Amino acid sequence: MRRRLKRKRSINKKVRNATQSTFDNKLFKSKLELYCYKRLKELNIPFKYEEFVFKIVDGFNCTADSYEKKKNGTFGKVSKKIRPITYKPDFVGNGWIIETKGNPNETWPIRLKLFKKYLTELSEDWILFIPRNKKQVDESLEIIKNLHNE
């Protein structure tokens with residue numbers, strides 16, 4: 001009889017298959033993030049790295065009865081405050097946002113849709129870039145450079 005091997009599966013891991021590294025006293029979650037950071041510096045494009053947090057859905061108090069696992073591990077009725085859904089992009093500059101995504105995790109598609117809805121409802125105009133490799137990072141930065149030269 002064949003035994004099935006159980007695979008260890010990481011649910012909602014922040015960054016899949018990424019190599020963390022440190023540069024300029026900053027911890028980067030992936031090599032692609034670090035590459036983008038270095039290219040922004042080389043091109044003298046002003047930016048902030050992981051400093052902006054957007055609240056894309058407000059928190060609220062749940063008034064519905066909810067039975068679920070409690071903090072102590074038991075199952076039962078809970079009433080709790082639901083925390084807001086926030087989003088912290090990798091890089092933010094003058095009117096643009098870059099989120100480097102080599103291998104997105106399971107939550108990324110929904111977070112992206114919520115963030116795009118949030119940006120649509122803002123009165124400000126933002127340009128969102130989601131490069132998945134170095135070539136796309138370079139293409140994104142070329143567009144940003146051209147925006148500032150216009």
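Student: Which residue forms a salt bridge with Lys-101, and how far apart are the closest N and O atoms?

Tutor: Lys-101 pairs with Glu-99, and their closest N and O atoms lie 3.3 Å apart. Bear in mind that we're looking at a predicted model. The N to O limit for a salt bridge is 4 Å, so this pair qualifies at 3.3 Å.

Student: Is Lys-101 buried or exposed? And what about Glu-99, buried or exposed?

Tutor: To read burial, take the relative accessible area: under 20% is buried and over 50% is exposed. Lys-101 has 16%, so it counts as buried. Glu-99 is buried as well, with a relative accessibility of 4%.

Student: How many salt bridges are there in total?

Tutor: The count comes to ten. Take the one between Lys-29 and Glu-50, whose side chains meet at 2.1 Å, N to O.

Student: Where do Lys-29 and Glu-50 lie?

Tutor: Look at the elements on either side of each residue. Lys-29 is in the loop between strand S2 (26–28) and H1, while Glu-50 is in the loop between strand S3 (48–49) and strand S4 (54–57), so the pair ties together parts that are 21 residues apart in sequence. Lys-29 itself is partly exposed, at 27% relative accessibility.

Student: And which residue does Glu-121 meet in a salt bridge?

Tutor: Its partner is Lys-117, with a distance of 2.3 Å from N to O. Glu-121 is exposed, with a relative accessible area of 57%, and Lys-117 is partly exposed at 46%.

Student: Which residues do salt bridges with shared partners join into one network?

Tutor: That network takes in Lys-29, Glu-33 and Glu-50.

Student: Let's go inside. How many residues does the largest nonpolar core have?

Tutor: A core is read as buried nonpolar residues linked through their side chains. The largest one here has 16 residues, and Leu-40, Phe-47, Phe-91, Trp-96, Ile-98 and Ile-144 have the most contacts inside it. Helix H1 (31–42), strand S11 (96–98) and helix H3 (134–149) each give two or more residues to this core. H1 supplies the largest share, five residues. A second, separate core of nine residues includes Val-92, Ile-97, Leu-112 and Leu-119.

Student: Which residues does Phe-91 touch, leaving out those up to four places away in sequence?

Tutor: There are several to trace. Phe-91 touches Glu-33, Cys-36, Tyr-37 and Leu-40, along with Phe-47, Lys-48 and Tyr-49, and also Trp-96, Ile-97, Ile-98 and Thr-100.

Student: What about Tyr-118: where does it lie, and which residues does it touch beyond four places in sequence?

Tutor: Tyr-118 lies in helix H2. Its contacts beyond that range are Phe-54, Lys-55 and Ile-56. Compare sequence with space: Tyr-118 and Ile-56 are 62 residues apart along the chain, yet their C-alpha atoms are 5.8 Å apart.

Student: How does Ala-18 read: where does it lie, and which residues is it in contact with, its close sequence neighbours aside?

Tutor: Ala-18 belongs to the segment before strand S1 (21–23). Leaving aside neighbours within four places, Ala-18 contacts Lys-29 and Ser-30. Its C-alpha is 8.8 Å from that of Leu-32, 14 residues away along the chain. At 32% relative accessibility, Ala-18 is partly exposed.

Student: Which residues form a nonpolar patch on the surface?

Tutor: Ile-127, Ile-143 and Leu-147 do, with about 220 Å² of accessible area together. Ile-143 is part of helix H3 and is partly exposed, with a relative accessible area of 44%.

Student: Now the overall view. How many helices and strands does the chain have?

Tutor: It has three helices and twelve strands. Of its 150 residues, 27% count as buried. The chain exposes about 11,600 Å², and carbon and sulfur atoms supply 49% of that area. Among contacts with a separation of 6 or more, 60% link residues 24 or more positions apart.

Student: What does the pLDDT of the chain average?

Tutor: The average is 86, and 88% of the residues score at least 70.

How values were computed:
Residues numbered from 1 in each chain as written. Predicted model: local features only at pLDDT ≥ 70, side-chain atom pairs only at ≥ 80, totals over all residues. Heavy atoms only, no water. Core = buried A, V, L, I, M, F, W, Y, C linked by side-chain atoms within 4.5 Å. Buried < 20%, exposed > 50% of the residue type's maximum accessible area, 1.4 Å probe, protein only. Helix = DSSP H or I, 4+ residues; strand = E, 2+ residues; numbered from the N terminus. Contact = heavy atoms within 4.5 Å. pLDDT = per-residue confidence, 0-100. Patch = residues over 30% accessible without salt bridge, like charges linked within 9 Å, V, L, I, M, F, W, Y side chains within 5 Å. Areas by Shrake-Rupley, 256 points an atom, 1.4 Å probe, with all protein chains shown as cover.
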